[in-house]
Amino acid sequence: MDTPAPTTTCSCCGDPLLDERRIDVRFGLPDVAFELPEEARRSPGPSALLALEGAGFFMRCLLPVRLTGETELVLGAWVEVDGETFRHAADVWDDEVAYPQLVVRGRLANAVKPWGEDVLGAELTGRVEVADELPYLVEGHGPEAERLIGEVWDRDDVLARFPHPLPVAIRMDLGDGWSVERSAGFSARFEDGVDQFATQGRSVAATLFQDTEQGRTPEDFLAALIGEAPEVPEGQEDLERLPGGGVRYAYWFTPGDTGRTRHELYAYAVEPDGSAAGLFCSYEEAGQHAWARHVWRSMRRER
């Protein structure tokens, strides 16, 4: 399936942004396939049809999920079908007249996050809505399938479950009410208690802190978090007050001992109750400093 062409650019870094109204995510195989040896897989020709020895017959379909912000997530997911449907689909797949009439009924074969096991096996019906595309799953049978297709789901909550790069920026939950923006095109992982986002030439690491000393002001806890920060040139630090009595601070510089040009931004946000978040941004181009500051300012805590 073609990816939508870029139409706008990011206001903070200039990167091209894709159409936010439709996001396509593809599942490579049915979940059960990962439990079987590769030689158990057979395809009658079209890559969207797969037979698994001892596990059944599967067809890739398009599962549209409505998200907030007038966004649609279209999942290239697998559906388990009966043998008769499978063989009929293989027969008509390349037939310009018969293929548009194809109707598919089967059970969802991917535990799509964030719904997981609740939707695995959900029964759905698919129909060909566009002649040169896969069938769209447009009708659900049973409560979970009907909810999946019929409800509007929180955009960030759903998209944050996909760690691979997405064409849009989303807000990531860090825990304890804290969140930060994960920029478009960044992959995500969580390792050793740190949320990490990365793309070519740029990376972000975010972590949380809790003050163990009673009675310290946000400014005092911030000073403890910063520790012995390196001296930075004038104008390369920023201190801002947060609503409710908190404080946030950032400093940035260009290390001279790395063997290659790299810029770094270190930032913190501290709330009066001792909860704090720290952020580290690394970027190769000086022009991406606006992006790093944007990520820093996106870090916030819901009270």
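Strands β19 and β20 (residues 275-283) run antiparallel and are joined by eight bridges; two strands count as paired if DSSP finds at least two bridges between them. The model is predicted: local features need pLDDT of at least 70, side-chain atom pairs count only at pLDDT 80 or more, and totals for chains, interfaces and linings use all residues. Residues are numbered from 1 along each chain as its sequence is written, and side-chain values use heavy atoms, with hydrogens and water left out. Helices (H or I, at least four residues) and strands (E, at least two) are DSSP runs, numbered from the N terminus.

- His263 is found in strand β19 (residues 263-270).
- With a relative accessible area of 13%, His263 is buried; buried means under 20% relative accessible area, exposed over 50%, and partly exposed in between (1.4 Å probe, protein chains only).
- The side chain of His263 reaches the backbone nitrogen of Ala286 at 3.4 Å.
- Not counting residues up to four places away in sequence, His263 touches Phe253, Thr254, Cys281, Ser282, Tyr283, Glu284, Glu285 and Ala286.
- Thr217 lies in the loop between β16 (202-210) and α4 (218-226), and is partly exposed at a relative accessible area of 34%.
- Thr217 and Val270 are 53 residues apart in sequence, and their C-alpha atoms are 9.3 Å apart in space.

**The three-stranded sheet**

- A further open sheet has three strands in the order β12-β13-β21, with antiparallel pairing.
- β12 (170-175) and β21 (300-301) are its edge strands, each pairing on one side only.
- Five bridges join β12 to the antiparallel strand β13 (residues 178-182), and Gly175 stands opposite Trp178 in β13.
- Helix α5 (residues 289-298) lies across β12, β13 and β21, at about 155° to β13.

- In helix α2 (residues 143-150), the buried residues are Ala145, Leu148 and Ile149.
- Seen down the axis of α2, these buried residues fall within an arc of 85°, so they line one face of the helix; the arc is that of the directions from the helix axis to the C-beta atoms.
- The buried residues of α2 pack against β6 (56-67), β8 (103-108), β9 (123-127), β10 (136-141) and β11 (152-153).
- β8 and β9 run antiparallel and are joined by five bridges, with Arg107 opposite Glu123 in β9.
- β9 also pairs with β10 in the antiparallel sense over five bridges, and Glu123 stands opposite His141 in β10.

Conventions
Contact = heavy atoms within 4.5 Å. Polar contact = N/O pair within 3.5 Å; in protein donor to acceptor, adjacent residues only side chain to side chain. Axes fitted to C-alpha atoms, helices over the stretch in contact; angles between N-to-C directions.
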